[in-house]
Amino acid sequence: MSVTFNNRLDVSSWIDTGPGLVAIWSLLLCTPISSMTVEWHPVYHPSEEEKKDPQLYARNVRKTMSRYLKLPTSDMTYSDLKDIVKQTKPDAGLFALWKNIITKGFVEMPAKKHLY
């Protein structure tokens, strides 16, 4: 199963380094109608090779979900993302969030810097 939110702005997810709860709630309240698509997919059954190697199984499931959702995959971990945010330290205050939405129509994500 996959769930896709069809809103112009992402007001349904939150991370601890992103905009605060007040900013997310205010965006959510300003979006009274939210649309989502739920798709049911066939059950993914692991091969014998995947049963022996859980990492291979996880990679293949991720590739399959990526195809269904038409999204790229990344090996970046949540810890990597937190490191990037620490390096760039974007202004995630409510005023900056609204300014980006009003002037650009979206919230800028920090550019990935070399972590290794």
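**Reading a predicted fold, feature by feature**

Biologist: Glad to start with one residue. Leaving aside its neighbours within four places in sequence, which residues is glutamate 50 in contact with?

Modeller: Contact means heavy atoms within 4.5 Å. With neighbours within four places in sequence left aside, glutamate 50 touches Tyr44, His45, Leu56, Tyr57 and Asn60. Before we go on, a word on the source: this is a predicted model, in which local features need pLDDT of at least 70 and side-chain atom pairs count only at pLDDT 80 or more, while totals for chains, interfaces and linings use all residues. Residues are numbered from 1 along each chain as its sequence is written, and side-chain values use heavy atoms, with hydrogens and water left out.

Biologist: Thanks! Is glutamate 50 buried or exposed?

Modeller: Buried means under 20% relative accessible area, exposed means over 50%, and partly exposed is in between (1.4 Å probe, protein chains only). Glutamate 50 has 5% relative accessibility, so it counts as buried. Glutamate 50 belongs to helix α2. Its C-alpha is 8.6 Å from that of asparagine 60, a residue 10 places away in sequence.

Biologist: And what does the side chain of glutamate 50 reach at 2.8 Å?

Modeller: That is a polar contact: a pair of N or O atoms within 3.5 Å, where within protein one must be able to donate a hydrogen and the other to accept it, and residues adjacent in sequence count only if both atoms are side-chain atoms. Here the side chain of glutamate 50 reaches the backbone nitrogen of serine 47.

Biologist: How do I read the overall layout: how many helices and strands are there?

Modeller: Helices (H or I, at least four residues) and strands (E, at least two) are DSSP runs, numbered from the N terminus. The chain has 5 helices and 2 strands, in the order β-α-β-α-α-α-α from the N terminus. Of the 116 residues in the chain, 19% are buried. Among contacts between residues at least 6 apart in sequence, 65% join residues at least 24 apart.

Biologist: How do I read a pair of aromatic rings?

Modeller: A pair of aromatic rings is described by the distance of the centres and the angle of the planes. Rings of Phe, Tyr and Trp (its six-membered ring) pair if their centres lie within 6.5 Å; planes under 30 degrees apart are stacked, over 60 edge-to-face, and the rest tilted. This structure holds 1 aromatic pair. The ring centres of tyrosine 44 and tyrosine 57 are 5.8 Å apart with planes at 55 degrees, so the pair is tilted. Tyrosine 44 is in the loop between β2 and α2 (48-52), and tyrosine 57, 13 residues away, is in helix α3 (residues 54-69).

Biologist: What about charges: how many salt bridges are there?

Modeller: A salt bridge is a side-chain nitrogen of Lys or Arg within 4 Å of a carboxyl oxygen of Asp or Glu. The count is 1 salt bridge, joining the side chains of glutamate 48 and lysine 51 (3.5 Å, N to O). About one helical turn separates the two, because glutamate 48 and lysine 51 are 3 residues apart in helix α2. Both glutamate 48 and lysine 51 are exposed.

Biologist: Which residues form the nonpolar patch on the surface?

Modeller: Patches are made of residues with over 30% relative accessible area and no salt bridge: like charges are joined within 9 Å, nonpolar side chains (Val, Leu, Ile, Met, Phe, Trp, Tyr) within 5 Å. Met1, Val3, Phe5, Met36, Val38 and Trp40 form the patch, with about 670 Å² of accessible area together. Strands β1 (2-5) and β2 (36-39) each supply at least two of the patch residues.

Biologist: Last one: what is the phi of lysine 70?

Modeller: Most residues other than glycine have a negative phi. Lysine 70 is not a glycine, yet its phi is positive, about 55 degrees. Look for lysine 70 in the loop between α3 and α4 (78-88).

Key:
Areas by Shrake-Rupley, 256 points an atom, 1.4 Å probe, with all protein chains shown as cover.
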